[in-house]
Amino acid sequence: MSRKRPAIQTLMPWLVVFGLFGAWELACIAFSVPEFVLPRPTVVFQTMAEFAGPLWQHSSYTLFTTVIGFALAVIGGVLLGLAVGASPLVYHGLYPVLIGFNAIPKVAIVPVLVVWFGIGTIPAIITAFAISFFPIAVNVATGLATLEPELEDVLRSLGASKLDILLKVGLPRSLPYFFASLKVAVTLAFVGSVIAETVASNEGIGYLMLQASSRFQIPLVFAGLIVIAAMGVVMYFLFAAVEGRLTGWATRKTEFAEVE
Amino acid sequence: MHPFVELDRVSLSYGGGTLAVDGLSLTVEQGQFAAVVGPSGCGKSTLMKLVTGLMPPTRGGVIVDGQEVAGPLKICGMGFQNPTLLPWRTTLRNLMLPLEIVRPHRHKLRRERAGYEAEAKRLLASVGLAGFEDKFPWQLSGGMQQRVSLCRALIHGPKLLMLDEPFGALDAFTREELWAVLQDVWMERRFTGILVTHDLREAVYLADVVYVMTARPGRVMSVHRIDLPRPRNLETTFTPEFGRLVHALRDEISNVREAVR
Ligand SMILES: Nc1ncnc2c1ncn2[C@@H]1O[C@H](COP(=O)(O)OP(=O)(O)OP(=O)(O)O)[C@@H](O)[C@H]1O
Ligand SMILES: [Mg+2]
């Protein structure tokens, strides 16, 4: 990402965002859309300023649960990915179960979590975990499993053990896959924690939005949505930057830190 | 001279019941450079796997260095058409890879790294890659990558080098250049070599003995001794003797392919 780009390319995302907000604003005025259906962006931003305190408090809570759930997902996803990618036996045994688990809409498990853990932080963390560990596991496993057979032959005829191959080739090779999965998984983790908060919490941005909508404070609902989106974007680019720094060789860049 | 690699009536059938080689016998002497040619799909790559112990024969025996092969050899150098370098490692660190694996080097590497690196640099220089130690594979041309791959197969001083169409993906000029490079290292180190190739001129240029295989299931059909003096060079390839040898191989392979149809 550090290579020089034309200024227009750097500006483009901002232009698009402002363009979207502008179009939204104009459409609301042109069709005189009532505020309780779709508030204009200016109104939303006013509301944001007005409710800055509660928004900050609830969004930092959401960020907290998301990061914890995501961190657990990284640990769980990597371990599972390693097991599945390194052992065909584990792969064949777990694959159908994993697919099945992934097919379950995570909102469906929140009520169960509430029964087990009550209303609050833990269901949100678990939901964030459950929704985001799968892509991490799949990507780590893919990275491990894409070992060229010829390279494997070269190593085995040198007397390399399975562990040698895993450490020297499998892990470094799966790093780009791993980092690519992180940026996707972190946005999913937000989805998970917000879902859980709207169903079973009395804190967090999801809870705030639910409260606001039940009081017909639609601008506040939209303010919450924009905060979530902004947090997601920031986290995404944070991990995209980490990815770019650590796995530049996968995209053939000339300046990057060597891994391992 | 005593035999280093011996295959005694070896057969191998793959899982699906494909009989890849059947009754394959061949002997390569210590320090000899052998080439194996044959029609596509006749079991040449299978032969590589049998000799290196990557696959056990279904029938028959494989002996390398006086020992029956029971599992993967632990000291063998291998090279393929695809250089299979690790893209996240520099040239030098790619070369060090076998040293991180092969005993006893892996235990000495930490203490004697400087010595090993000097050795690796010397080897790189001998194939014309001095100064490329810190380049990544994707910063090298295909021919350069293949040189690195060759060095990687030799860095730990193996007694056996197995090459499966190592120069198959290179242009004619680069390929002929690398023949000379390979011959030089071989003449210096005198390891035992087995080279699988489709290029009959390559086989005659490099080998002391050329084995011609039949179509699948592969067996050795004939053995040609190549007694051209060494070091051979491009001039050698224009001599009548060289032409005659290539022609004889060419005819045999054509016959094999005709017989299949
Ligand atoms: N893993 C495998 N499973 C099943 N059959 C295989 C496998 N590998 C090779 N074969 C079969 O064994 C035969 C010999 O294959 P091999 O790769 O040894 O041929 P080859 O002489 O190296 O061919 P080429 O010159 O095209 O590289 C082929 O008919 C092929 O279909
Ligand atoms: Mg082959």
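R106(B) and D164(A) form a salt bridge in which the closest N and O atoms are 2.9 Å apart; a salt bridge is a side-chain nitrogen of Lys or Arg within 4 Å of a carboxyl oxygen of Asp or Glu. This is a predicted model, in which local features need pLDDT of at least 70 and side-chain atom pairs count only at pLDDT 80 or more, while totals for chains, interfaces and linings use all residues. Residues are numbered from 1 along each chain as its sequence is written, chains are lettered from A and ligands numbered from 1 in the order in which they are written, and side-chain values use heavy atoms, with hydrogens and water left out.

**The interface of chains A and B**

The count between chain A and chain B is 3 salt bridges. The elements giving two or more residues to the side of chain A that touches chain B are α7 (149–156) and α8 (162–199) of chain A; helices are DSSP runs of H or I with at least four residues, strands are runs of E with at least two, and both are numbered from the N terminus. The largest share of that side, 6 residues, comes from α7(A). Its residues divide into 10 nonpolar, 3 polar and 11 charged, where Ala, Val, Leu, Ile, Met, Phe, Trp, Tyr, Cys and Pro count as nonpolar, Asp, Glu, Lys and Arg as charged, and the others, Gly among them, as polar. In total, 24 residues of chain A are in contact with 29 residues of chain B, contact meaning heavy atoms within 4.5 Å. K168(A), R89(B) and E100(B) are linked in a network of salt bridges.

Over all chains, a search of the whole structure finds 18 salt bridges.

| Salt bridge | Closest N and O atoms |
|---|---|
| R175(B) and D199(B) | 3.1 Å |
| R230(B) and D208(B) | 2.8 Å |
| E241(B) and R244(B) | 3.2 Å |

E241(B) and R244(B) both lie in helix α8 of chain B, 3 residues apart, about one turn of the helix. At 36% relative accessibility, E241(B) is partly exposed, and R244(B), at 48%, is also partly exposed; buried means under 20% relative accessible area, exposed over 50%, and partly exposed in between, with a 1.4 Å probe and protein chains only. D199(B) is buried at 16%, and D208(B) is buried at 15%.

G120(A) lies in the loop between α5 (110–117) and α6 (121–145) of chain A. With 11% relative accessibility, G120(A) is buried.
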